[in-house]
Structures are given as structure tokens and as C-alpha cells.
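The reader may wish to keep the structure in view while going through it.

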Amino acid sequence: MINPSGVPTEFARERRETTNVERLDPDEAISADDVADAIATAIGQDAPGAITELDLFRRDIHERF
């Protein structure tokens with residue numbers, strides 16, 4: 001399971017008034033390339049370990065709480 005937070009894409013356009021492309025600053029958001037790099041790192045792990053869930057957040061996410 002991959003849980004990227006705040007990636008500026010058109011995902012779920014039909015269910016939202018605005019997409020992340022429209023509302024997020026691309027210089028401060030996680031990019032699609034960041035997600036792809038994280039996936040490549042996860043699948044490159046040597047056995048017997050396995051990454052089964054991957055949560056990706058901006059570094060400043062905890063400042064909002």
C-alpha cells in the first residue's frame with residue numbers, strides 16, 4: 001500500500017471541486033517523481049525484509065498539528 005500525501009496530480013478530479021494540481025504549490029509538495037523514487041527504493045530492498053506500506057509526507061507535515 002502506498003499513501004502519498006499532497007501530490008500535485010489530477011487524481012480524483014471527478015470527486016473534488018479542485019485538484020491538487022490547482023491547490024498545491026509544486027515547489028512545496030511531494031512530486032510524482034518523489035513517489036516513484038520511494039517505490040523504487042522499497043522494491044529494491046533485499047530479502048527477507050519487505051516494505052508492505054509506504055507513507056510519504058512533506059517534511060513539514062507535523063508543523064500543522
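Helices, of at least four residues in states H or I, and strands, of at least two residues in state E, are DSSP runs that are numbered from the N terminus. With elements named in this way, Ala47 is placed in the loop between α2 and β2, and Pro48 is found in that loop as well. The model is a predicted one; the mean pLDDT of its chain is 85, with 97% of the residues reaching 70 or more. Confidence is lowest in α1, where the mean is 84, and highest in α2, where it is 91.

**The core and helix α2**

The largest nonpolar core is made up of seven residues, namely Val7, Ile30, Val35, Ala38, Ala42, Leu54 and Leu56. At least two residues of this core are supplied by each of α2 (32–43) and β2 (54–56), and the largest share, three residues, comes from α2. Ile30, a member of the core, touches Ser5, Gly6, Val7, Pro8, Val35, Leu56, Phe57 and Arg58 when residues up to four places away in sequence are not counted.

The geometry of α2 can be checked against expectation: twelve residues at 1.5 Å a residue should span 16 Å, and the end C-alpha atoms are 17 Å apart, which agrees. Within α2, Val35, Ala38 and Ala42 are buried. Seen down the axis of the helix, the buried residues of α2 fall within an arc of 65 degrees, so they line one face. An α-helix has 3.6 residues a turn, so residues three or four places apart point the same way. What covers the buried residues of α2 includes β1 (2–4) and β2, whereas on the other side of α2, Asp33 and Ile43 are exposed.

| Residue | Relative accessible area | Class |
|---|---|---|
| Asn20 | 9% | buried |
| Met1 | 64% | exposed |
| Ala47 | 70% | exposed |

Asn20 has its place in helix α1 (residues 20–23), and it counts as buried because its relative accessible area of 9% is under the 20% limit. The side chain of Asn20 makes a polar contact, at 3.3 Å, with the side chain of Arg16. Leaving aside neighbours within four places in sequence, Asn20 is in contact with Gly6, Val7, Pro8 and Thr9; of these, Val7 belongs to the largest nonpolar core, and both Val7 and Pro8 are also touched by Ile30.

Met1 lies in the segment before β1. Although Met1 is exposed, it is in contact with Thr52, Glu53 and Leu54, once neighbours within four places in sequence are left aside. The C-alpha atoms of Met1 and Asp55, which are 54 residues apart along the chain, are separated by 8.5 Å.

Ala47 counts as exposed because its relative accessible area of 70% is over the 50% limit. A cis peptide bond, with omega about 10 degrees, joins Ala47 and Pro48.

How values were computed:
Residues numbered from 1 in each chain as written. Predicted model: local features only at pLDDT ≥ 70, side-chain atom pairs only at ≥ 80, totals over all residues. Heavy atoms only, no water. Core = buried A, V, L, I, M, F, W, Y, C linked by side-chain atoms within 4.5 Å. Buried < 20%, exposed > 50% of the residue type's maximum accessible area, 1.4 Å probe, protein only. Contact = heavy atoms within 4.5 Å. Polar contact = N/O pair within 3.5 Å; in protein donor to acceptor, adjacent residues only side chain to side chain. Expected span 1.5 Å × (residues − 1). Arc of directions from axis to C-beta. pLDDT = per-residue confidence, 0-100.
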